[in-house]
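Work through the exercises below with the sequence and the model side by side. Each task is followed by a worked solution.

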Amino acid sequence: MTRTEIKTPRFAWALTGSGHFFKESLDIMTRLPNLDVFLSQAAEEVLSMYKQQLNLPEGTRIFKDRTASAAPVGNFYYGVYHTLIVAPATSNTVAKCVYGISDNLATNVFAQAGKCRVPAIVFACDTAPELDTEAPKGMVKVYPRRIDLENTAKLKTFDDTVVVESLAELEQAVDERLICLKSLSS
Ligand SMILES: Cc1cc2nc3c(=O)[nH]c(=O)nc-3n(C[C@H](O)[C@H](O)[C@H](O)COP(=O)(O)O)c2cc1C
């Protein structure tokens with residue numbers, strides 16, 4: 001299979017184990033056509049803790065983190081994806097992405113997107129010194145550390161990577177990407 005044989009390239013969406021804007025990210029995900037979802041192991045656990053289900057459009061494929069080699073990322077080499085979205089991204093995932101670590105499905109998807117020049121949108125969670133976030137039992141306050149804020153800033157310097165810090169920014173980035181894809185296909 002070569003890049004030119006892919007008739008309908010897809011969105012790749014990596015879901016990580018962040019409670020911050022987890023449900024809201026799922027809502028945006030359900031609006032996207034031609035979607036593959038990649039779950040980190042923590043994302044699978046958080047899904048059940050927040051009692052969420054993935055009600056995704058027909059044809060959506062879900063890849064779980066079951067292999068050491070992140071086997072499902074192979075599709076990036078063949079032009080299957082036009083866009084990667086990592087949302088929400090834990091501080092753990094952001095840190096690994098910044099330092100080039102790819103040791104699970106979510107971080108491998110980010111690394112392979114970069115190596116295959118697939119544009120990425122990352123919704124970083126720890127973006128302010130003080131945040132209100134939704135825990136399974138309700139809202140709580142968290143205080144991201146300096147290292148978390150620094151890592152988010154470093155990720156913004158990556159090529160082909162848009163880092164968003166709010167739900168509104170995520171929606172806007174996804175909408176802009178959809179418009180861009182439409183103009184490329186017409
Ligand atoms: C209910 C729950 C909510 C969590 N929310 C966050 C969060 O908002 N931000 C964050 O960085 N980590 C959060 N975590 C911790 C991550 O799940 C944990 O760091 C995990 O190792 C991340 O793995 P991943 O980055 O591979 O998905 C949460 C954990 C639980 C159990």
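Predicted model: local features only at pLDDT ≥ 70, side-chain atom pairs only at ≥ 80, totals over all residues.

**Exercise 1.** Locate the annotated domain and describe its secondary structure.

Solution. Start from the record: an unreviewed UniProt entry places "domain: Flavoprotein" at residues 10–174. Next, take the secondary structure over that range, which is 33% helix and 26% strand. Finally, check the ends: their C-alpha atoms are 13 Å apart.

**Exercise 2.** Determine how the buried residues of helix H1 are arranged around its axis, and what they pack against.

Solution. First list the buried residues of H1 (residues 22–29): Phe 22, Ser 25, Leu 26, Ile 28 and Met 29. Then take their directions from the axis; because they cover an arc of only 160 degrees, they lie on the same side of H1. Last, find the partners of these buried residues. Among the strands, they pack against S1 (10–15), S2 (35–39), S4 (81–89) and S5 (120–124). The helices they pack against are H2 (41–49) and H6 (167–185).

**Exercise 3.** Find the residues that touch the most other members of the largest nonpolar core, and the elements that build this core.

Solution. The core has 28 residues, and those touching the most other members are Phe 38, Phe 76, Leu 84, Val 109, Phe 110 and Leu 155. Sorting by element, two or more residues come from each of S1, S4, H3 (91–98), H4 (105–115) and S5. H4 gives the largest share, 5 residues. Now follow Leu 155: leaving out residues up to four places away in sequence, it touches Val 94, Cys 97, Val 98, Phe 110, Val 122, Thr 161 and Val 163. Apart from this core lies another, of 25 residues, including Trp 13, Leu 35, Val 37 and Val 164.

**Exercise 4.** Decide whether Asp 148 is buried or exposed, and name its contacts.

Solution. Asp 148 sits in helix H5 (residues 146–155). Its relative accessibility is 7%, so Asp 148 counts as buried, the cut-off being under 20%. Its side chain makes a polar contact of 2.8 Å with that of Arg 145. Beyond four places in sequence, Asp 148 touches Ser 91 and Asp 126.

Note on methods: Residues numbered from 1 in each chain as written. Heavy atoms only, no water. UniProt positions renumbered as here; feature names shortened; annotations may be inferred. Helix = DSSP H or I, 4+ residues; strand = E, 2+ residues; numbered from the N terminus. Buried < 20%, exposed > 50% of the residue type's maximum accessible area, 1.4 Å probe, protein only. Arc of directions from axis to C-beta. Contact = heavy atoms within 4.5 Å. Core = buried A, V, L, I, M, F, W, Y, C linked by side-chain atoms within 4.5 Å. Polar contact = N/O pair within 3.5 Å; in protein donor to acceptor, adjacent residues only side chain to side chain.
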